[in-house]
Amino acid sequence: MKTPLLVFNENGIYCEAADVYIDPWRKVKKAIITHGHADHSRWGHQQYITHHTNVPIIKHRLGDINVTGKDYRETFIINNVKFSFHPAGHIVGSSQVRVEHKGEIWVFTGDYKIEDDGISAPYEPVTCHTFITECTFGLPAFRWIPQHEVFEDINSWWSSNREEGKTSILFGYSLGKAQRLLKHLDTSIGKIFTHGAIENMTNVIRPLVELPETTLITASITKEELKGSIVVAPPSAHGSTWIRKMVPYETASASGWMTFRGARRRRAIDKGFVLSDHCDWQGLLTAIKATGAEKIISTHGYTDIFSRYLRELGYDARTEKTQFEGELAELETKKESEVNT
Ligand SMILES: [Zn+2]
């Protein structure tokens with residue numbers, strides 16, 4: 001039997017024909033990187049290849065690495081294997097990776113969502129034989145509502161907190177979710193303040209996307225100034241001494257996990273908004289169908305349940321283990337604070 005075009009080994013997703021890894025979790029010679037989140041772009045590879053938008057983001061996180069940037073749909077060849085990046089709609093710069101060799105085409109999604117968030121290049125289906133998909137939210141219980149409705153809710157929450165003389169504190173992961181929140185906040189309500197981790201990452205992204213004005217919270221910002229304003233902060237700031245000076249405040253989290261009411265309660269957050277940068281159940285199924293692929297490999301998330309369902313639909317579906325975390329990283333707050341604060 002010939003070796004599959006992509007295999008999962010102890011280092012990551014490996015293309016033997018090209019001797020290159022995609023989003024490896026251990027140090028390798030050559031890494032093709034889908035996006036800037038820490039579980040996909042790790043430190044220590046000798047060479048990085050990614051969409052050019054990701055270059056400043058990854059350098060901000062990892063320092064002066066050896067990285068090459070490519071455009072979407074630009075073909076680059078390594079040992080006769082053709083590679084290209086295609087928009088994944090997950091966060092700014094996020095890409096699917098198309099791999100073609102001897103007439104066979106595989107696509108690895110990285111993290112992705114099909115809703116246009118107004119900030120990332122919108123997801124594009126790519127025709128292939130084998131589709132490797134994340135399924136972070138691969139359960140029918142996950143059903144997103146259109147983001148304009150979510151943002152109406154977020155803005156009216158902010159507005160009513162302001163009327164009560166409170167500060168609104170909105171938690172979101174510093175790369176991706178935070179900028180999506182900023183982009184759609186209604187600045188006619190009040191002023192937007194940021195935590196340092198958010199401000200730093202947002203400044204890296206500002207040349208790429210138009211975003212509203214934000215003010216970094218420093219020691220000189222008074223409680224009076226914060227009253228009625230909104231503060232965007234990473235989840236790690238919750239429960240810290242940093243937010244105490246904002247009393248009285250209301251907290252909210254924006255994540256796909258807010259589907260489960262227990263997720264909000266356990267973290268003692270006042271309000272949960274269901275907003276994810278990953279596909280919901282129906283989004284995954286729509287994306288899979290659009291690729292025309294017959295073979296589906298599910299990675300992190302509810303892989304077993306999702307693969308079983310795909311087999312019932314007639315797909316040749318299986319699961320593979322990876323070390324990706326998906327949106328769990330938004331809740332595992334310690335990791336982000338280590339990286340960004
Ligand atoms: Zn991600």
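User: At about what angle does helix α8 (residues 303–312) run to β19?
Analyst: Helices (H or I, at least four residues) and strands (E, at least two) are DSSP runs, numbered from the N terminus. Helix α8 lies across β11, β18 and β19, where contact means that the C-beta atoms of two residues, placed from the backbone, lie within 7 Å. Axes are lines fitted to C-alpha atoms, for helices over the stretch in contact, and angles run from 0 to 180 degrees between N-to-C directions. On that scale, α8 runs to β19 at about 170°.

User: What kind of model is this?
Analyst: Residues are numbered from 1 along each chain as its sequence is written. Local features need pLDDT of at least 70, side-chain atom pairs count only at pLDDT 80 or more, and totals for chains, interfaces and linings use all residues, as this is a predicted model.

User: Which strands stand at the edges of the seven-stranded sheet?
Analyst: The open sheet has the order β7-β8-β9-β10-β11-β18-β19, with mixed pairing; two strands pair if DSSP finds at least two bridges between them. Neighbouring strands are turned by 25° against each other on average, direction ignored. An edge strand has a single partner, so one side of it is left without a neighbour in the sheet; this applies to β7 and β19 (316–319).

User: Which residue of β8 stands opposite Ile 77?
Analyst: Strands β7 (76–78) and β8 (81–87) are separated by a loop. The two strands pair in the antiparallel sense over three bridges. Opposite Ile 77 stands Lys 82.

User: To which strand does helix α7 (residues 281–291) run at about 170°?
Analyst: Helix α7 lies across β10 (104–108), β11 (130–135) and β18 (295–301). The angle of about 170° is given against β11.

User: In the six-stranded sheet, which residue of β4 is the bridge partner of Ile 22?
Analyst: This open sheet runs β1-β2-β3-β4-β5-β6 with mixed pairing, and its edge strands are β1 (7–8) and β6 (67–70). Strand β3 (residues 20–22) runs parallel to β4 (residues 30–33), and two bridges join them. The partner of Ile 22 is Ile 32.

User: At about what angle does helix α1 run to β5?
Analyst: Helix α1 (residues 54–62) lies across β4, β5 (47–51) and β6. Its angle to β5 is about 135°.

User: How do α3 and α4 lie relative to each other?
Analyst: Helix α3 (residues 177–184) packs on helix α4 (residues 196–205) at about 75°, with the axes 10 Å apart. Angles under 35 degrees count as roughly parallel, over 145 as roughly antiparallel, 65 to 115 as roughly perpendicular and the rest as oblique. The two helices are therefore roughly perpendicular.

User: Which residues of α4 make the contact with α3?
Analyst: From α3, the contact takes Ala 178, Gln 179 and Leu 182. The α4 side consists of Ile 198, Met 201, Thr 202 and Ile 205.

User: What distance separates the centres of domain 1 and domain 2?
Analyst: An automatic or database domain assignment sets the bounds, giving domain 1 (7–142 + 277–332) and domain 2 (147–273). The contact takes 21 residues from domain 1 and 18 residues from domain 2. Taken over C-alpha atoms, the centres are separated by 29 Å.

User: Is Asn 80 buried or exposed?
Analyst: Asn 80 lies in the loop between β7 and β8 and has a positive phi, near 70°, in a residue other than glycine. Because 10 other C-beta atoms lie within 10 Å, Asn 80 is exposed.

User: Which peptide bond is cis?
Analyst: Pro 248 lies in the loop between β15 (230–233) and β16 (249–254). With omega near 0°, the cis bond is the one from Val 247 to Pro 248.

How values were computed. A residue is buried if 20 or more other C-beta atoms lie within 10 Å of its own, exposed if 12 or fewer, and partly exposed in between; C-beta atoms are placed from the backbone.
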